[in-house]
Amino acid sequence: MPRAPFEIAGKTILAGTSQTVHLPVSILPDHTPVTLSVQVHHGKRAGPTMFVSAAVHGDEVIGVEIVRRLLRAPQLAALRGTLLVVPIVNAFGFLNRSRYLPDRRDLNRCFPGHRSGSLGARLAHIFLHDVVLRCDTGIDLHSAAIHRTNLPQIRISPGDPATRAMAIAFGTPVVLQSSLRAGSLRAEAAERGTSVLLYEAGEGLRFDELAVRAGVAGILRVMRSLGMLPAKGIGKARVAPYMCKSSSWVRAPAGGLLRTFRAEGETVEKGETLACVSDPFGEVETDIISPSSGILIGRAILPVVNEGDAVFHLAQLSPEAAEDTVEGLALQLETDPLFDEDEII
C-alpha cells in the first residue's frame, strides 16, 4: 500500500517526491513578502520525521551552507521517513547580516511565540507549529557569534537519552551538556516531546570548511542511526566524542591588543598561558592563564578586547583523551566523501 502523502500549509507532497513550500510570515514596509521556506522530502517508505534548520540567528550563515550541501547528498534518494529542511529561519537577520530581528529581539528567546504577538513571536509560532512539532526529532545548526569561532560541537540537554544517542552518532569531538534556556527552540520543543540536537561550529558571517563538512557528515550519520538512510556511503564516527558536563569562559583581565597562543580544539593544562593582552605601546602586558585543564571549544578572533571580554571557552575533560578525539575527527574528515566536490572553499 502506498505511503500517505505529507500535508503542509495546504500543499500535498506525495511519497517519493520533494517540494519546497513557502509559509507566509510577514510583509516588509515596502510591501515585499517574507516567507519561511521549507523543502520537504517525503520518502517512499515509512520512517521518522526529522527537521534540519539553520540561521535562527541571521548571521550564522555556516548552517545555510551545511543545508545546501545536505540537499545535494545522493543518499537522500533512498530516504525513509520525511525530512523537513529550513535553510533560513530568520530571513530578516540573514538579509541584514544580523543575529537579531529588526526589533533587536533574539528569535531563539521568542519561543513558543504567538500568532498575534511581536514579529519574533509570530515567526517563532509559525516555525514551531508548522515545522518543529510535526517532527519526531530535529537538528538546529548554529555558529559562534561574530568575531568568535567554535570547535564543531554538539549541545544536548542533561538527562535526555534521545539527544545523547544522536550526539554520539553525529561524531563531533565534544558533546557539551547545556541547560535549556527559557524561550529557546530547544527548550520549547523538548517540553512538547520533540528532541532537538544543537550543532555549534565556526563563526558568524563566515564559512569554515572543517565545520561545514563535519556538519554534513554528522547529519547523515544521525539519519543513518535513525533508520532514515541506508549505511552505504555513510561511515560511522571513528572516535567517540567526549561528554563534557561543564564549561566556562576565560576572560580578558585587561583591555588592549590580544595575542592568542592557543586555538580552538587544542588541549591545555591548568596554569598554562593561553594569550597575552598588551597596551598599544607594548609597555604593559598581561597574560591570560588557563584556570583548569581541558579543551578549548571556542575563542575570540578579534584582536581588540575590553577588560572582562570572553576570550576562550574552556570545557573540562581529560586533555590527553581530548587530543586523540580532535585528531580523530580531522583524520575522519579527510577520508569522508565530499558531497559538493566542485565547490570546496
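1. Helix α6 is mostly covered, with 13 of its 17 residues buried. Buried here means under 20% relative accessible area, exposed means over 50%, and partly exposed lies in between, computed with a 1.4 Å probe on protein chains only. Helices are DSSP runs of H or I with at least four residues, strands are runs of E with at least two, and both are numbered from the N terminus.

2. Before going further, the basis of these notes. This is a predicted model: local features need pLDDT of at least 70, side-chain atom pairs count only at pLDDT 80 or more, and totals for chains, interfaces and linings use all residues. Residues are numbered from 1 along each chain as its sequence is written, and side-chain values use heavy atoms, with hydrogens and water left out.

3. At the N-terminal end the helix is capped by D208, which places a side-chain oxygen 3.2 Å from the backbone nitrogen of L210. Such a polar contact is a pair of N or O atoms within 3.5 Å; within protein, one must be able to donate a hydrogen and the other to accept it, and residues adjacent in sequence count only if both atoms are side-chain atoms. After α6 comes G227, with a positive phi near 80°.

4. The largest pocket has a volume of about 730 Å³. A pocket is an open set of points on a 1 Å grid over the protein atoms alone, where a 1.4 Å probe fits and protein lies on both sides within 12 Å along at least five of seven lines; lining residues have an atom within 4 Å of a point. Grid points are joined across faces, edges and corners, and the volume is the space filled by probe spheres set on the points. Of the 27 lining residues, R99, R109, R155, R181 and E200 are the closest to the centre.

5. Which elements supply the lining of the largest pocket? At least two residues each come from β8 (148-156), α5 (185-191), β10 (195-202), β12 (247-251) and β19 (310-315). Strand β8 gives the most, with three residues. By type, the lining divides into eight nonpolar, 10 polar and nine charged residues. In this count Ala, Val, Leu, Ile, Met, Phe, Trp, Tyr, Cys and Pro are nonpolar, Asp, Glu, Lys and Arg are charged, and the others, Gly among them, are polar.

6. Strand β10 also holds L198, which counts as buried because its relative accessibility is 11%. The C-alpha atoms of L198 and V175 are separated by 10.0 Å, and the two residues are 23 apart along the chain.

7. An open sheet of four strands runs in the order β16-β15-β13-β18, with antiparallel pairing. Strands count as paired if DSSP finds at least two bridges between them. The edge strands, β16 (285-289) and β18 (304-305), each pair on one side only. Five bridges join β15 (residues 273-278) to β16; S278 stands opposite E285, and C276 opposite D287. These two strands form a hairpin with six residues between them, and G282 in the turn has a positive phi of about 75°.

8. Strands β3 (residues 17-27) and β4 (residues 33-42) pair in the antiparallel sense over 10 bridges. S18 stands opposite H41 in β4. The hairpin has five residues between the strands, and H31 takes a positive phi near 75°.

9. Some backbone angles deserve a look. F111 and P112 are joined by a cis peptide bond, with omega about 10°, and P112 is in the loop between α2 (91-96) and α3 (119-130). R97 is found in the loop between α2 and α3 too. R97 is not a glycine, although its phi is positive, about 55°, and at a relative accessible area of 62% R97 is exposed. L205, in the loop between β10 and α6, likewise has a positive phi, of about 60°, without being a glycine. L205 counts as partly exposed, at 25% relative accessibility.

10. Last, Y242 in strand β11 (residues 242-244). Is Y242 buried or partly exposed? Its relative accessibility is 30%, so Y242 counts as partly exposed. Y242 and P173 are 69 residues apart along the chain, with their C-alpha atoms separated by 6.3 Å.
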